[in-house]
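This report concerns selected local features of one protein model. The sequence and structure are shown first, and the commentary follows.

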Amino acid sequence: MLNIVMIASECVPFAKTGGLADVVGALPPALSVLGHRVVVIIPKYGFVDSSLHPMRPLPNPLGVRMGNMQEWCAVHEASLPGKVPVYLIEHDLYFGRPGLYHDAALNDYVDNPRRFSLLARAGLQLCQDLPFRPDVVHVHDWQTALATAYLKVWHWDSPILGPAGSLLTIHNIGYQGKYPSSHYEYIGLGWPNFEPDILEDYGQINFLKGGIHYADLVNTVSPTYANETRTPGGGMGLAPYLNNKGDRYIGILNGVDYTHWDPSADPLIPAAYSATDLAGKSVCKRALQDRMGLQVEPQVPLVGVISRFAHQKGLDVLAQVVDGVLQQMVVQFAVLGSGDPALETFFGALPGRYPGRAASVIGYDNELAHWIEAGADFFLMPSRYEPCGLNQLYSLRYGTLPIVRATGGLADTVEQYDQSTAAGTGFKFWDLTAQALHDTIGWAVSTYFDRPHHLLQLVRRAMSRDFSWEQSALGYQAAYLRAMEIKRGR
Ligand code: ADP
Ligand code: GLC
């Protein structure tokens with residue numbers, strides 16, 4: 001049995017902008033099933049509603065060293081399934097805001113380096129106060145990466161924290177936490193650490209880079225993305241440092257929380273269904289078409305998209321081809337997402353041009369996400385890069401065949417359809433070009449009409465694939481043991 005402390009900036013159901021939150025909400029309960037003791041530490045953002053999530057305040061405030069002063073935080077204890085304690089760090093000045101990382105106009109909060117440096121320090125300080133003697137400190141992305149540095153630079157002689165190994169999980173190397181060096185002083189790690197192979201990056205501070213240097217072990221969320229990030233293009237400037245880690249940089253595929261994402265027991269969707277009884281899927285399709293203002297046509301293939309509108313997701317390429325697709329093919333689109341204002345405008349206006357055939361909701365809507373997963377026939381992810389991707393995994397379980405660019409976790413989890421044998425679980429393309437995307441959507445649509453017997457086999461096979469957290473949790477268990485060995489110099 002290991003003691004694991006997980007420090008993160010997001011965790012379902014408390015705060016979420018993307019898949020990171022799904023992972024931090026699901027991995028700890030899966031680890032506790034394996035017999036480990038896990039505690040999770042996250043910020044208490046201004047929007048976290050304590051009436052929705054039962055929590056109790058800890059009696060003592062938490063004093064966190066910030067430069068030459070102490071910042072005082074309140075700590076609230078809530079829990080995840082499996083009685084995993086979640087400690088929410090409350091500090092109004094830093095976290096009492098409506099957004100996690102930016103304001104409503106998408107401008108990053110200028111004090112982000114200070115906010116997340118505080119989170120990393122608070123997480124470690126809380127272990128000492130509780131006391132919780134971690135075997136491993138597990139941190140996620142740039143937001144908490146610095147905890148690995150504080151562990152080694154500040155806490156090396158602490159009886160509680162000194163012996164702990166550390167694991168940094170990179171969910172997305174596109175976000176590194178780069179800030180002007182004027183913020184460096186209060187990061188508190190000293191100028192000897194402001195070096196190109198540690199925290200310095202062309203004159204700026206780079207949080208993720210510091211984490212890569214200091215973590216005993218680093219992982220990302222799929223084996224293919226681990227390989228891609230070792231190359232100059234994929235590593236976004238950090239490939240040399242990841243390559244320096246050698247076998248101390250690995251890929252572990254994410255899992256799916258099937259308690260939330262399974263059509264046979266999903267309270268959010270209109271009708272339940274399973275691989276052996278697909279009748280409910282048609283009910284879900286009809287309900288989705290009706291809800292989103294699409295023509296209720298059971299025999300027209302429906303393509304779903306749920307995404308952050310970010311460059312990473314390749315939806316600008318979809319924007320180039322979707323008019324042609326809608327004009328040439330018998331197909332419907334249901335799009336849910338938000339982000340890049342230009343794409344919000346584009347997809348927001350699409351239904352106006354193709355009434356009844358294209359629908360969009362610009363925003364964030366978890367229930368609608370479940371409806372689209374259940375009601376669509378295909379699920380489109382034309383990602384430029386995709387560390388793991390969760391939506392294609394949900395789609396597989398919902399029998400909604402993924403159409404994906406074969407990158408990162410999409411390459412690892414979707415099996416290419418083979419027209420001669422009916423093998424596979426989805427439709428993959430390699431080059432992110434308008435032509436390849438157009439043709440692959442066309443391939444899926446023609447399969448729907450011309451080879452329905454193949455499609456049914458693909459649907460049943462996709463639904464039977466198992467990406468449950470049990471498997472991934474075993475991968476993390478092995479990673480923790482390895483991080484501890486590395487820490488002990490073995
Ligand atoms: P990323 O973390 O890069 O955004 P993932 O595929 O790992 O990509 O995870 C995305 C998660 O966020 C999924 O749980 C997905 O359902 C959810 N999601 C993304 N955009 C929306 C939206 N507009 N409304 C509801 N859920 C969304
Ligand atoms: C990131 C990635 C996504 C991954 C998620 C959870 O947001 O973009 O591919 O699934 O983290 O690891």
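**Cysteines**

Cys73 is buried, at a relative accessible area of 2%; buried here denotes under 20% relative accessible area, exposed over 50%, and partly exposed the range in between, with a 1.4 Å probe and protein chains only. Its sulfur lies 14 Å from the closest cysteine sulfur, that of Cys127, which is too far for a bond. Cys127 likewise takes part in no disulfide, the nearest cysteine sulfur being that of Cys73 at 14 Å. Cys127 also counts as buried, with 1% relative accessibility. With a disulfide defined as a pair of cysteine sulfur atoms within 2.5 Å, the count for the model is 0 disulfides.

**Basis of the values**

The model is predicted: local features require pLDDT of at least 70 and side-chain atom pairs pLDDT 80 or more, whereas totals for chains, interfaces and linings use all residues. Side-chain values use heavy atoms, without hydrogens and water; residues are numbered from 1 along each chain as its sequence is written, while chains are lettered from A and ligands numbered from 1 in the order in which they are written.

**Helices α10 and α13**

Helices (H or I, at least four residues) and strands (E, at least two) are DSSP runs, numbered from the N terminus. The axes of helix α10 (residues 279-291) and helix α13 (residues 366-375) approach within 8 Å and cross at roughly 130°. Axes are lines fitted to C-alpha atoms, for helices over the stretch in contact, and angles run from 0 to 180 degrees between N-to-C directions. The two helices α10 and α13 are therefore oblique to each other; angles under 35 degrees count as roughly parallel, over 145 as roughly antiparallel, 65 to 115 as roughly perpendicular, and the rest as oblique.

On the α10 side, the contact includes Cys284, Leu288 and Arg291, and on the α13 side it includes Leu368, Trp371 and Ile372, where contact means heavy atoms within 4.5 Å. By class, the contact of α10 with α13 has 7 nonpolar, 1 polar and 5 charged residues. Ala, Val, Leu, Ile, Met, Phe, Trp, Tyr, Cys and Pro count as nonpolar, Asp, Glu, Lys and Arg as charged, and the others, Gly among them, as polar.

**Two buried threonines**

Thr400 lies in the loop between α14 (391-397) and β18 (401-405) and is buried, with a relative accessible area of 0%. Not counting residues up to four places away in sequence, Thr400 touches several residues, among them Lys281, Glu373 and Ala374. Lys281 belongs to the α10 side of the helix contact described above, and Glu373 and Ala374 to the α13 side.

Thr447 is placed in helix α16 (residues 434-450) and is also buried, at 0% relative accessible area. Its contacts, leaving aside neighbours within four places in sequence, are Tyr417, Phe427, Pro452 and Leu455.

**Backbone exceptions**

Most residues other than glycine have a negative phi, and most peptide bonds are trans. The table lists the departures considered here.

| Site | Feature | Value |
|---|---|---|
| Val12 and Pro13 | cis peptide bond | omega about 10° |
| Leu130 and Pro131 | cis peptide bond | omega about -15° |
| Met236 | positive phi | near 45° |
| Ala422 | positive phi | about 65° |

Pro13 is in the loop between β1 (3-7) and α1 (19-33), and Pro131 in the loop between α3 (112-129) and β7 (136-140). Met236 occupies the loop between α8 (232-235) and α9 (239-244) and is partly exposed, at 35% relative accessibility. Ala422, in the loop between α15 (408-413) and β19 (427-429), is buried at 2% relative accessible area.
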